[in-house]
Amino acid sequence: MKLVVVAVGQRMPDWAQTACDDYARRFPPDLRLEVRTVKTEPRGTKTREVLQAAERERIQAALPKGCRLVVLDERGTALGTRDLAAQLLRWQQAGDDVALVIGGPDGLEPAFRDSAHQRIRLSDLTLPHALARVLLLEQLYRAWSINTHHPYHRE
């Protein structure tokens, strides 16, 4: 199984890129994690709908074929760490690749967001894009560590 994080954005700050790279390297071979960044649509005078549609096309091009689509959305289901661990286990048992999508500054196109298999929320707080990416990777790694009794997560 592979986890693919697809994130709309530009260059990450060095601290965030370092953290993301570190967590991505920690995953075992049987649960590979890959981060794919898609370009933010230049803002200019374009409407929100035009921006979201352009970013949706880029996101869809970056998704693995036949994957389970999970979008991060402020209106999504809140998951605690143990809930995420249980969800990760279900994904692994199903055997499909899972793509977790982080939208751009204007969010995800509503029809795309609504077509996802799942919508989850990372936090009740509004997080900067780079921090959301780091938090997602850390929590996925922590979920794996809970499921495998790895010492990263201590009771």
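Two residues are in contact here when heavy atoms of one lie within 4.5 Å of the other. What you see is a predicted model, where local features need pLDDT of at least 70, side-chain atom pairs count only at pLDDT 80 or more, and totals for chains, interfaces and linings use all residues. Residues are numbered from 1 along each chain as its sequence is written, and side-chain values use heavy atoms, with hydrogens and water left out.

View A. Start with Glu138, which lies in helix α5. Helices (H or I, at least four residues) and strands (E, at least two) are DSSP runs, numbered from the N terminus. Leave out residues up to four places away in sequence, and Glu138 touches Tyr23 and Tyr152. With a relative accessibility of 11%, Glu138 counts as buried. The scale, for a 1.4 Å probe and protein chains only, is: buried under 20% relative accessible area, exposed over 50%, partly exposed in between.

**View B. Aromatic rings pair up around Tyr152.** Searching the whole structure turns up five aromatic pairs. Rings of Phe, Tyr and Trp (its six-membered ring) pair if their centres lie within 6.5 Å; planes under 30 degrees apart are stacked, over 60 edge-to-face, and the rest tilted. One of the pairs is Tyr23 with Tyr152, edge-to-face at 6.5 Å centre to centre and with 85° between the planes. That pair links distant parts of the chain: Tyr23 sits in helix α1 (residues 14-26) and Tyr152 in the segment after α5 (129-148), 129 residues apart. Tyr23 is buried, at 14% relative accessible area. Tyr141 also pairs edge-to-face with Tyr152, at 4.8 Å centre to centre and 75° between the planes. Here too distant parts of the chain are linked, with Tyr141 in helix α5 and Tyr152 in the segment after α5, eleven residues apart. Tyr141 has a relative accessible area of 4%, so Tyr141 counts as buried.

View C. Now look for Arg26, which lies over the face of Tyr141, 5.4 Å from the ring centre. To count, NZ of Lys or CZ of Arg must be within 6 Å of the ring centre and within 35 degrees of the ring normal.

**View D. Strand β1 is covered on both faces.** Strand β1 (residues 2-8) has seven of its seven residues buried, so it is largely enclosed by the rest of the structure. On one side you'll find Lys2, Val4, Val6 and Val8, and on the other Leu3, Val5 and Ala7, all of them buried. Strand β2 (residues 32-38) runs parallel to β1, and seven bridges join the two. Strands pair if DSSP finds at least two bridges between them. Ala7 has Thr37 as its bridge partner in β2. Strand β4 (residues 98-102) also pairs with β1 in the parallel sense, over five bridges, and the partner of Leu3 there is Val98.

View E. Follow the chain through β1, α1 and β2 and you trace a right-handed β-α-β unit. Right-handed means that, with the strands pointing away from the viewer, the path from the first strand over the helix to the second runs clockwise. The loop between α1 and β2 holds Pro28, which is buried at 15% relative accessibility.

**View F. Thr37 is partly exposed in β2.** Thr37 belongs to strand β2 and, at 43% relative accessibility, counts as partly exposed. Setting aside neighbours within four places in sequence, its contacts are Ala7, Gly9, Gln10 and Arg133.

View G. The 15 residues of helix α2 (residues 48-62) reach 21 Å from first C-alpha to last, close to the 21 Å expected at 1.5 Å a residue. That expected span is 1.5 Å times one less than the number of residues. Its buried residues are Leu51, Gln52, Ala53, Ala54, Glu55, Arg56, Ile59 and Ala62, and they pack against β1, β2, β4 and α4 (110-115).

**View H. His149 has a positive phi.** His149 is found in the segment after α5. Its phi is near 60°, a positive value in a residue other than glycine. At 73% relative accessibility, His149 counts as exposed.
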